[in-house]
Amino acid sequence: MAKVNENLLSLGGRYLFSEIAARTGKFTAAHPEVRLIRMGIGDVTRPLVPSVIRAMHAAVEDCASAETFRGYGPEHGYDFLREAIVRTDYAGTGIDIDEVFVSDGAKSDTGNFGDLLSRDNLIGIPDPVYPVYADTGSIAGRPLRYIPCNEGNGFCGDIPSERLDAVWLCYPNNPTGAVISREKLARWVRYALENECLILYDSAYEAFIRDADIPHSIYEIPGAKECAVEFRSFSKTAGFTGVRCGYTVVPKDLKIRSANGRKISLNPLWERRQSCKFNGASYISQRGAEAVYSPQGRLEIREVIDAYLETASLIRRTFLEAGLTPCGGNNSPYIWARCPHGMSSWEFFDFLLARAGVVITPGAGFGAEGEGWFRTTAFASREATLEAMNRMKDIIK
Ligand SMILES: *Cc1c(COP(=O)(O)O)cnc(C)c1O
(Lines give C-alpha, C1' and ligand atoms only; values in the text may rest on other atoms or scores of the structure.)
Protein backbone atom coordinates (compact mmCIF):
# COMPACT_ATOMS: atom_id res chain seq x y z
CA MET A 1 0.00 0.00 0.00
CA ALA A 2 1.20 3.53 -0.74
CA LYS A 3 2.43 5.46 2.26
CA VAL A 4 1.36 8.99 2.99
CA ASN A 5 3.64 12.02 3.37
CA GLU A 6 3.43 12.27 7.16
CA ASN A 7 4.28 15.97 6.99
CA LEU A 8 0.92 16.57 5.35
CA LEU A 9 -0.88 14.81 8.19
CA SER A 10 0.86 16.97 10.75
CA LEU A 11 -0.47 20.14 9.04
CA GLY A 12 -3.96 19.49 10.38
CA GLY A 13 -7.15 20.90 8.83
CA ARG A 14 -7.75 24.42 7.54
CA TYR A 15 -8.80 25.57 10.95
CA LEU A 16 -9.13 29.33 10.47
CA PHE A 17 -11.65 29.79 7.68
CA SER A 18 -13.68 26.68 8.47
CA GLU A 19 -13.98 27.82 12.09
CA ILE A 20 -15.09 31.29 10.93
CA ALA A 21 -17.68 29.68 8.64
CA ALA A 22 -18.92 27.39 11.43
CA ARG A 23 -19.33 30.20 13.98
CA THR A 24 -20.91 32.53 11.41
CA GLY A 25 -23.30 29.80 10.24
CA LYS A 26 -24.41 29.10 13.80
CA PHE A 27 -25.05 32.79 14.40
CA THR A 28 -27.13 33.33 11.24
CA ALA A 29 -29.21 30.22 11.99
CA ALA A 30 -30.07 31.68 15.41
CA HIS A 31 -30.49 35.27 14.16
CA PRO A 32 -31.81 35.15 10.58
CA GLU A 33 -32.98 38.79 10.91
CA VAL A 34 -29.44 40.19 11.26
CA ARG A 35 -27.86 41.40 8.02
CA LEU A 36 -24.29 40.15 8.31
CA ILE A 37 -21.39 42.30 7.07
CA ARG A 38 -18.25 40.41 6.13
CA MET A 39 -15.11 42.44 6.76
CA GLY A 40 -12.90 39.37 6.74
CA ILE A 41 -12.91 38.58 3.03
CA GLY A 42 -9.49 38.37 1.46
CA ASP A 43 -10.87 38.43 -2.07
CA VAL A 44 -11.45 41.37 -4.36
CA THR A 45 -15.06 42.24 -5.16
CA ARG A 46 -14.96 44.82 -7.95
CA PRO A 47 -15.32 43.62 -11.57
CA LEU A 48 -12.48 43.40 -14.07
CA VAL A 49 -11.80 46.73 -15.76
CA PRO A 50 -13.04 47.38 -19.35
CA SER A 51 -9.55 47.20 -20.93
CA VAL A 52 -9.01 43.72 -19.52
CA ILE A 53 -12.47 42.55 -20.56
CA ARG A 54 -11.91 43.80 -24.13
CA ALA A 55 -8.50 42.13 -24.35
CA MET A 56 -9.84 38.82 -23.08
CA HIS A 57 -12.80 38.93 -25.50
CA ALA A 58 -10.34 39.53 -28.35
CA ALA A 59 -8.19 36.63 -27.12
CA VAL A 60 -11.21 34.32 -27.16
CA GLU A 61 -11.87 35.43 -30.75
CA ASP A 62 -8.23 34.61 -31.62
CA CYS A 63 -8.91 31.07 -30.50
CA ALA A 64 -11.98 30.83 -32.75
CA SER A 65 -10.07 30.60 -36.02
CA ALA A 66 -7.28 28.29 -37.12
CA GLU A 67 -4.99 31.17 -38.19
CA THR A 68 -4.87 32.82 -34.76
CA PHE A 69 -5.65 29.86 -32.49
CA ARG A 70 -3.19 29.33 -29.60
CA GLY A 71 -2.52 26.00 -27.99
CA TYR A 72 0.31 25.36 -25.57
CA GLY A 73 2.28 28.53 -25.02
CA PRO A 74 5.78 28.89 -23.60
CA GLU A 75 5.84 27.58 -20.00
CA HIS A 76 7.44 30.83 -18.85
CA GLY A 77 4.74 32.97 -20.48
CA TYR A 78 4.30 34.87 -23.75
CA ASP A 79 6.88 37.52 -24.61
CA PHE A 80 4.14 40.14 -25.15
CA LEU A 81 3.37 39.94 -21.42
CA ARG A 82 6.95 39.50 -20.18
CA GLU A 83 7.97 42.56 -22.20
CA ALA A 84 5.14 44.65 -20.73
CA ILE A 85 6.13 43.53 -17.22
CA VAL A 86 9.80 44.40 -17.66
CA ARG A 87 9.03 47.71 -19.35
CA THR A 88 6.52 48.84 -16.72
CA ASP A 89 7.07 47.11 -13.37
CA TYR A 90 10.86 46.86 -13.63
CA ALA A 91 11.82 50.01 -15.53
CA GLY A 92 15.22 51.15 -14.34
CA THR A 93 16.03 47.98 -12.40
CA GLY A 94 17.83 46.16 -15.22
CA ILE A 95 15.57 43.08 -14.91
CA ASP A 96 15.58 41.17 -18.24
CA ILE A 97 12.69 39.53 -19.99
CA ASP A 98 14.18 36.04 -19.44
CA GLU A 99 14.21 36.67 -15.70
CA VAL A 100 10.38 36.88 -15.66
CA PHE A 101 8.31 33.69 -15.35
CA VAL A 102 4.57 34.09 -15.89
CA SER A 103 2.33 31.69 -13.99
CA ASP A 104 -1.23 31.05 -12.86
CA GLY A 105 -0.69 33.06 -9.69
CA ALA A 106 1.57 33.82 -6.77
CA LYS A 107 0.12 31.15 -4.50
CA SER A 108 1.37 28.40 -6.80
CA ASP A 109 4.74 30.05 -7.27
CA THR A 110 5.35 30.77 -3.58
CA GLY A 111 4.25 27.24 -2.80
CA ASN A 112 6.31 25.63 -5.57
CA PHE A 113 9.54 27.53 -5.21
CA GLY A 114 10.61 25.24 -2.40
CA ASP A 115 11.15 22.54 -5.08
CA LEU A 116 14.47 24.27 -5.77
CA LEU A 117 15.69 24.12 -2.19
CA SER A 118 17.27 21.34 -0.19
CA ARG A 119 15.07 19.76 2.45
CA ASP A 120 17.35 20.73 5.32
CA ASN A 121 17.32 24.49 4.66
CA LEU A 122 16.41 26.54 7.71
CA ILE A 123 13.59 28.87 6.58
CA GLY A 124 12.62 32.15 8.26
CA ILE A 125 8.87 32.74 8.38
CA PRO A 126 7.24 35.95 9.59
CA ASP A 127 4.65 35.60 12.35
CA PRO A 128 1.80 36.47 11.68
CA VAL A 129 1.94 35.09 8.16
CA TYR A 130 0.20 34.27 4.87
CA PRO A 131 -0.16 30.52 5.56
CA VAL A 132 1.31 29.28 2.24
CA TYR A 133 4.97 29.87 3.21
CA ALA A 134 4.76 27.94 6.47
CA ASP A 135 2.47 25.15 5.23
CA THR A 136 4.48 24.37 2.10
CA GLY A 137 7.67 24.45 4.16
CA SER A 138 6.09 21.96 6.55
CA ILE A 139 4.86 19.71 3.71
CA ALA A 140 8.46 19.46 2.52
CA GLY A 141 9.58 18.74 6.10
CA ARG A 142 11.78 21.81 6.41
CA PRO A 143 12.79 23.34 9.72
CA LEU A 144 11.08 26.72 10.16
CA ARG A 145 12.15 29.65 12.29
CA TYR A 146 9.39 32.12 13.13
CA ILE A 147 10.27 35.82 13.10
CA PRO A 148 7.94 37.82 15.37
CA CYS A 149 6.37 40.85 13.66
CA ASN A 150 4.60 42.95 16.25
CA GLU A 151 3.88 46.44 17.48
CA GLY A 152 7.36 46.61 19.02
CA ASN A 153 9.10 46.33 15.65
CA GLY A 154 6.48 48.09 13.53
CA PHE A 155 5.31 44.69 12.22
CA CYS A 156 8.60 44.32 10.34
CA GLY A 157 10.50 41.46 11.97
CA ASP A 158 13.98 42.13 13.35
CA ILE A 159 16.95 40.89 11.35
CA PRO A 160 17.83 37.54 12.99
CA SER A 161 21.13 37.07 14.79
CA GLU A 162 21.40 33.50 13.50
CA ARG A 163 22.03 32.38 9.90
CA LEU A 164 18.95 31.45 7.90
CA ASP A 165 19.20 29.68 4.55
CA ALA A 166 16.14 31.46 3.21
CA VAL A 167 13.59 33.96 4.50
CA TRP A 168 10.10 34.99 3.45
CA LEU A 169 9.24 38.67 3.36
CA CYS A 170 5.84 40.03 2.30
CA TYR A 171 5.28 43.78 1.87
CA PRO A 172 2.77 45.37 1.88
CA ASN A 173 1.95 42.62 4.31
CA ASN A 174 -0.93 40.21 4.53
CA PRO A 175 -2.34 40.12 7.25
CA THR A 176 -0.91 43.20 9.02
CA GLY A 177 -0.97 45.76 6.19
CA ALA A 178 2.54 46.84 7.25
CA VAL A 179 4.95 48.26 4.69
CA ILE A 180 8.74 48.12 4.78
CA SER A 181 10.98 51.16 4.50
CA ARG A 182 13.79 51.30 1.99
CA GLU A 183 16.35 51.34 4.85
CA LYS A 184 14.92 48.24 6.52
CA LEU A 185 14.71 46.37 3.22
CA ALA A 186 18.31 47.35 2.47
CA ARG A 187 19.29 45.87 5.84
CA TRP A 188 17.62 42.58 4.88
CA VAL A 189 19.50 42.59 1.57
CA ARG A 190 22.78 43.21 3.41
CA TYR A 191 21.98 40.37 5.86
CA ALA A 192 21.14 38.08 2.92
CA LEU A 193 24.37 38.86 1.05
CA GLU A 194 26.53 38.50 4.16
CA ASN A 195 24.88 35.23 5.21
CA GLU A 196 24.22 33.69 1.77
CA CYS A 197 20.52 33.74 2.64
CA LEU A 198 17.90 33.62 -0.10
CA ILE A 199 15.13 36.24 0.21
CA LEU A 200 11.71 35.15 -1.05
CA TYR A 201 9.94 38.48 -1.54
CA ASP A 202 6.16 38.43 -1.99
CA SER A 203 4.87 41.76 -3.29
CA ALA A 204 1.34 40.73 -4.22
CA TYR A 205 0.06 44.08 -2.86
CA GLU A 206 2.59 46.31 -4.59
CA ALA A 207 -0.15 48.14 -6.51
CA PHE A 208 -1.55 49.53 -3.23
CA ILE A 209 1.64 51.48 -2.45
CA ARG A 210 1.00 55.21 -2.65
CA ASP A 211 3.73 56.75 -0.45
CA ALA A 212 6.65 57.79 -2.64
CA ASP A 213 9.40 56.56 -0.31
CA ILE A 214 8.19 52.94 -0.03
CA PRO A 215 9.97 50.51 -2.38
CA HIS A 216 7.75 48.77 -4.95
CA SER A 217 10.26 46.07 -5.76
CA ILE A 218 13.15 44.56 -3.83
CA TYR A 219 15.28 45.14 -6.96
CA GLU A 220 15.27 48.85 -6.16
CA ILE A 221 17.81 47.86 -3.48
CA PRO A 222 21.38 47.43 -4.77
CA GLY A 223 22.56 43.84 -4.45
CA ALA A 224 19.05 42.35 -4.38
CA LYS A 225 19.52 40.63 -7.73
CA GLU A 226 22.15 38.44 -6.10
CA CYS A 227 19.96 37.34 -3.19
CA ALA A 228 16.25 37.71 -3.93
CA VAL A 229 13.36 36.22 -5.86
CA GLU A 230 10.23 38.38 -6.23
CA PHE A 231 6.65 37.12 -6.52
CA ARG A 232 3.87 39.24 -8.02
CA SER A 233 0.28 38.65 -8.95
CA PHE A 234 -2.49 40.27 -10.97
CA SER A 235 -4.99 39.03 -8.35
CA LYS A 236 -5.06 42.09 -6.09
CA THR A 237 -3.56 44.44 -8.70
CA ALA A 238 -6.27 43.89 -11.30
CA GLY A 239 -8.94 41.67 -9.77
CA PHE A 240 -7.55 38.44 -11.32
CA THR A 241 -8.34 36.18 -8.34
CA GLY A 242 -10.68 34.21 -10.59
CA VAL A 243 -8.86 34.77 -13.92
CA ARG A 244 -5.49 33.54 -12.56
CA CYS A 245 -2.21 35.13 -13.60
CA GLY A 246 0.95 36.11 -11.76
CA TYR A 247 4.68 36.04 -12.23
CA THR A 248 7.97 35.42 -10.50
CA VAL A 249 11.27 37.19 -11.11
CA VAL A 250 14.38 35.02 -10.80
CA PRO A 251 17.47 37.10 -11.66
CA LYS A 252 20.30 35.40 -13.52
CA ASP A 253 22.78 36.71 -10.92
CA LEU A 254 21.03 34.79 -8.17
CA LYS A 255 22.98 31.72 -7.03
CA ILE A 256 22.75 29.24 -4.17
CA ARG A 257 25.06 26.35 -3.20
CA SER A 258 25.06 22.68 -4.13
CA ALA A 259 25.95 20.04 -1.51
CA ASN A 260 29.59 20.13 -2.67
CA GLY A 261 29.72 23.93 -2.39
CA ARG A 262 29.37 24.82 -6.08
CA LYS A 263 27.37 27.96 -6.91
CA ILE A 264 24.18 27.11 -8.79
CA SER A 265 22.14 29.67 -10.73
CA LEU A 266 18.44 29.54 -9.80
CA ASN A 267 17.12 31.05 -13.06
CA PRO A 268 17.68 27.98 -15.29
CA LEU A 269 16.63 25.73 -12.42
CA TRP A 270 13.24 27.47 -12.09
CA GLU A 271 12.81 27.29 -15.90
CA ARG A 272 13.53 23.54 -15.65
CA ARG A 273 11.12 23.05 -12.76
CA GLN A 274 8.34 25.00 -14.45
CA SER A 275 8.70 23.31 -17.82
CA CYS A 276 8.57 19.96 -16.02
CA LYS A 277 5.50 20.54 -13.83
CA PHE A 278 3.63 23.49 -15.41
CA ASN A 279 2.22 24.10 -18.89
CA GLY A 280 1.78 27.85 -18.76
CA ALA A 281 -0.95 30.32 -17.85
CA SER A 282 -3.81 30.51 -20.35
CA TYR A 283 -3.40 32.70 -23.43
CA ILE A 284 -6.63 34.51 -22.53
CA SER A 285 -5.42 35.36 -19.00
CA GLN A 286 -2.10 36.60 -20.35
CA ARG A 287 -3.80 38.86 -22.90
CA GLY A 288 -5.93 40.20 -20.05
CA ALA A 289 -2.81 40.80 -17.95
CA GLU A 290 -1.09 42.54 -20.87
CA ALA A 291 -4.00 45.02 -21.02
CA VAL A 292 -3.29 46.00 -17.40
CA TYR A 293 -0.13 47.68 -18.76
CA SER A 294 -1.83 49.71 -21.50
CA PRO A 295 -2.19 53.42 -20.68
CA GLN A 296 -5.98 53.06 -20.40
CA GLY A 297 -5.71 49.83 -18.40
CA ARG A 298 -3.34 51.43 -15.93
CA LEU A 299 -5.75 54.32 -15.35
CA GLU A 300 -8.65 51.93 -14.87
CA ILE A 301 -6.95 49.68 -12.32
CA ARG A 302 -5.63 52.67 -10.45
CA GLU A 303 -9.20 53.88 -10.00
CA VAL A 304 -10.26 50.49 -8.63
CA ILE A 305 -7.38 50.36 -6.16
CA ASP A 306 -7.99 53.96 -5.13
CA ALA A 307 -11.56 52.96 -4.25
CA TYR A 308 -10.31 50.08 -2.08
CA LEU A 309 -7.79 52.43 -0.45
CA GLU A 310 -10.52 54.93 0.30
CA THR A 311 -12.50 52.21 2.05
CA ALA A 312 -9.33 51.19 3.90
CA SER A 313 -8.76 54.69 5.17
CA LEU A 314 -12.39 54.88 6.32
CA ILE A 315 -11.80 51.80 8.48
CA ARG A 316 -8.49 53.13 9.70
CA ARG A 317 -10.06 56.46 10.70
CA THR A 318 -12.88 54.77 12.60
CA PHE A 319 -10.40 52.63 14.52
CA LEU A 320 -8.19 55.61 15.34
CA GLU A 321 -11.19 57.58 16.59
CA ALA A 322 -12.15 54.64 18.81
CA GLY A 323 -8.68 54.71 20.35
CA LEU A 324 -7.25 51.64 18.62
CA THR A 325 -3.81 51.98 17.04
CA PRO A 326 -4.24 50.20 13.71
CA CYS A 327 -1.49 49.10 11.36
CA GLY A 328 -2.09 49.18 7.58
CA GLY A 329 -4.95 50.75 5.70
CA ASN A 330 -2.44 53.06 3.99
CA ASN A 331 -0.66 51.45 1.05
CA SER A 332 -2.61 48.26 1.82
CA PRO A 333 -6.16 46.87 1.75
CA TYR A 334 -5.65 45.32 5.21
CA ILE A 335 -6.12 46.92 8.60
CA TRP A 336 -4.68 45.10 11.59
CA ALA A 337 -5.68 46.18 15.08
CA ARG A 338 -5.52 45.07 18.69
CA CYS A 339 -8.80 43.67 19.99
CA PRO A 340 -10.45 46.16 22.34
CA HIS A 341 -11.20 45.52 26.03
CA GLY A 342 -8.25 43.10 26.32
CA MET A 343 -10.09 40.38 24.43
CA SER A 344 -8.44 37.44 22.69
CA SER A 345 -8.85 37.20 18.91
CA TRP A 346 -11.67 34.64 19.08
CA GLU A 347 -13.40 36.40 22.00
CA PHE A 348 -13.52 39.56 19.91
CA PHE A 349 -14.70 37.62 16.85
CA ASP A 350 -17.68 36.25 18.84
CA PHE A 351 -18.33 39.59 20.56
CA LEU A 352 -18.41 41.53 17.30
CA LEU A 353 -20.57 38.93 15.57
CA ALA A 354 -23.08 38.90 18.43
CA ARG A 355 -23.16 42.65 19.07
CA ALA A 356 -22.78 44.04 15.53
CA GLY A 357 -23.28 41.21 13.03
CA VAL A 358 -19.83 41.99 11.63
CA VAL A 359 -17.36 39.26 10.65
CA ILE A 360 -13.61 39.94 10.95
CA THR A 361 -10.65 37.57 10.79
CA PRO A 362 -9.12 36.61 14.15
CA GLY A 363 -5.43 37.49 14.19
CA ALA A 364 -4.57 34.31 16.09
CA GLY A 365 -5.35 32.38 12.91
CA PHE A 366 -2.24 33.85 11.25
CA GLY A 367 0.23 32.84 13.96
CA ALA A 368 1.02 33.08 17.65
CA GLU A 369 1.93 36.79 17.39
CA GLY A 370 -1.56 37.47 16.03
CA GLU A 371 -3.26 36.53 19.31
CA GLY A 372 -5.19 39.51 20.67
CA TRP A 373 -5.36 41.13 17.21
CA PHE A 374 -7.81 41.08 14.31
CA ARG A 375 -7.69 41.74 10.57
CA THR A 376 -10.25 43.68 8.55
CA THR A 377 -10.15 44.08 4.79
CA ALA A 378 -11.18 46.94 2.53
CA PHE A 379 -12.73 44.67 -0.10
CA ALA A 380 -16.37 45.05 0.99
CA SER A 381 -18.38 47.81 -0.70
CA ARG A 382 -18.16 51.36 0.61
CA GLU A 383 -21.79 51.18 1.76
CA ALA A 384 -21.30 47.91 3.64
CA THR A 385 -18.09 49.22 5.20
CA LEU A 386 -19.78 52.45 6.32
CA GLU A 387 -22.58 50.44 7.88
CA ALA A 388 -20.08 48.12 9.60
CA MET A 389 -18.11 51.07 10.98
CA ASN A 390 -21.34 52.61 12.30
CA ARG A 391 -22.20 49.38 14.06
CA MET A 392 -18.65 48.98 15.41
CA LYS A 393 -17.57 52.47 16.43
CA ASP A 394 -19.21 52.60 19.84
CA ILE A 395 -18.63 49.02 20.93
CA ILE A 396 -14.88 49.04 20.22
CA LYS A 397 -14.28 52.17 22.35
C1 LIG B 1 -3.53 37.10 -2.45
C2 LIG B 1 -2.10 36.84 -2.17
C3 LIG B 1 -1.26 36.31 -3.14
C4 LIG B 1 -1.75 36.09 -4.56
O5 LIG B 1 -2.17 34.82 -4.80
P6 LIG B 1 -2.66 34.43 -6.27
O7 LIG B 1 -2.40 32.95 -6.28
O8 LIG B 1 -1.82 35.15 -7.27
O9 LIG B 1 -4.10 34.77 -6.37
C10 LIG B 1 0.07 36.10 -2.84
N11 LIG B 1 0.57 36.41 -1.63
C12 LIG B 1 -0.20 36.95 -0.68
C13 LIG B 1 0.41 37.33 0.61
C14 LIG B 1 -1.56 37.16 -0.91
O15 LIG B 1 -2.34 37.67 0.06
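**Exercise 1.** How many residue pairs are in polar contact between domain 1 and domain 2?

*Solution.* Start with the model: it is predicted, so local features need pLDDT of at least 70 and side-chain atom pairs count only at pLDDT 80 or more, while totals for chains, interfaces and linings use all residues. Residues are numbered from 1 along each chain as its sequence is written, and side-chain values use heavy atoms, with hydrogens and water left out.

Domain 1 covers 7-47 + 296-393 and domain 2 covers 50-294, with bounds from an automatic or database domain assignment.

Then apply the rule. A polar contact is a pair of N or O atoms within 3.5 Å; within protein, one must be able to donate a hydrogen and the other to accept it, and residues adjacent in sequence count only if both atoms are side-chain atoms. The count between the two domains is 18 residue pairs, both residues at pLDDT 80 or more.

**Exercise 2.** Which elements supply at least two residues each to the side of domain 1 that touches domain 2?

*Solution.* Helices (H or I, at least four residues) and strands (E, at least two) are DSSP runs, numbered from the N terminus. The elements are α1 (6-11), α11 (295-321), β11 (327-328), β12 (334-338) and β15 (373-377). Of these, α11 gives the most, with ten residues.

**Exercise 3.** Describe the extent of the interface between domain 1 and domain 2.

*Solution.* Count contacts (heavy atoms within 4.5 Å): 34 residues of domain 1 touch 42 residues of domain 2. Then take the buried area, the accessible area (1.4 Å probe) that two parts lose on being put together, summed over both. The domains bury about 3000 Å² between them, 59% of it on carbon and sulfur atoms. Asn331, Phe366 and Glu369 supply 22% of the area that domain 1 buries against domain 2, more than any other three residues.

**Exercise 4.** Find the salt bridges, across the interface and within a helix.

*Solution.* The rule asks for a side-chain nitrogen of Lys or Arg within 4 Å of a carboxyl oxygen of Asp or Glu. The whole structure holds 20, and two cross the interface of domain 1 and domain 2. Glu151 and Arg338 form a salt bridge, their closest N and O atoms being 2.8 Å apart. For Arg23 and Glu19, that distance is 2.7 Å. Both lie in helix α2 (residues 15-30), four residues apart, about one turn of the helix.
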